[in-house]
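I opened my notebook for this one and jotted down what I looked up, step by step.

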Amino acid sequence: MSRRNTLFDDVMRLPWPVGLVLALLTFIGQQIALSMEIQSPIGHAFKTPVRVLGYFLIAMFLLASFVSFFNQVIRARPNAQATLLISLVKKYPDTVQRLATV
């Protein structure tokens, strides 16, 4: 049974600058929504969900940008000798099989 992709999975695949921009836009949108004068009986009840949803989205986008940046910076890269060895193995796969039998 395969796992379904969620919004969080999709956000985690974003490049890290996109996560920072989305967090900033979410914060600005939240501040605009909270600063609006709401002329309704449920005006005060509107602000709490906006705050909670805004903080959740900001935290999610910041976490996604951190994870993406961390993966980009810390990702293991082979050195020159390993790259040469990998390319030789791709070019001559039978040599590895011969060495394995010895």
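**Entry 1: helix H4**

I began with helix H4, residues 80-91, in what is a predicted model. I counted 12 residues in H4 and found a reach of 16 Å from the first C-alpha to the last. That is close to the 16 Å expected at 1.5 Å a residue. Next I checked how well H4 is covered, and the answer is hardly: the count of buried residues among its 12 is zero.

**Entry 2: the overall fold**

I then stepped back to the whole protein. I found five helices and zero strands, and read along the sequence the pattern is α-α-α-α-α. I looked up burial next: 17% of the 102 residues count as buried.

**Entry 3: the core**

Which residues make up the largest nonpolar core? I listed six: Val 11, Ala 23, Ile 58, Met 60, Phe 61 and Ala 64. Helix H3, residues 43-74, gives the largest share of this core, with four residues.

Is Thr 26 buried or exposed? I put Thr 26 down as buried, because its relative accessibility is 16% and the cut-off is under 20%. Leaving aside neighbours within four places in sequence, I found Thr 26 in contact with Gly 54, Leu 57, Ile 58 and Phe 61. Two of these names, Ile 58 and Phe 61, were already on my core list.

Leu 34 also lies in helix H2. I noted a relative accessibility of 13% for Leu 34, so this residue counts as buried. Not counting residues up to four places away in sequence, Leu 34 touches Lys 47, Val 50 and Arg 51. I took one distance here: the C-alpha atoms of Leu 34 and Arg 51 are separated by 7.9 Å, with the two residues 17 apart along the chain.

I turned to Leu 24, found in helix H2, residues 16-35. Leu 24 comes out as exposed because its relative accessible area is 51% and the cut-off is over 50%. I then asked what Leu 24 belongs to on the surface, and found a nonpolar patch. Its members are Val 21, Leu 24, Leu 25, Phe 27, Ile 28, Ile 32 and Met 36. Together they have about 660 Å² of accessible area.

**Entry 4: Val 67**

My last stop was Val 67, whose place is in helix H3. I wrote Val 67 down as partly exposed, because its relative accessibility is 25%.

Note on methods
Residues numbered from 1 in each chain as written. Predicted model: local features only at pLDDT ≥ 70, side-chain atom pairs only at ≥ 80, totals over all residues. Heavy atoms only, no water. Core = buried A, V, L, I, M, F, W, Y, C linked by side-chain atoms within 4.5 Å. Buried < 20%, exposed > 50% of the residue type's maximum accessible area, 1.4 Å probe, protein only. Helix = DSSP H or I, 4+ residues; strand = E, 2+ residues; numbered from the N terminus. Expected span 1.5 Å × (residues − 1). Patch = residues over 30% accessible without salt bridge, like charges linked within 9 Å, V, L, I, M, F, W, Y side chains within 5 Å. Areas by Shrake-Rupley, 256 points an atom, 1.4 Å probe, with all protein chains shown as cover. Salt bridge = Lys/Arg side-chain N within 4 Å of Asp/Glu carboxyl O. Contact = heavy atoms within 4.5 Å.
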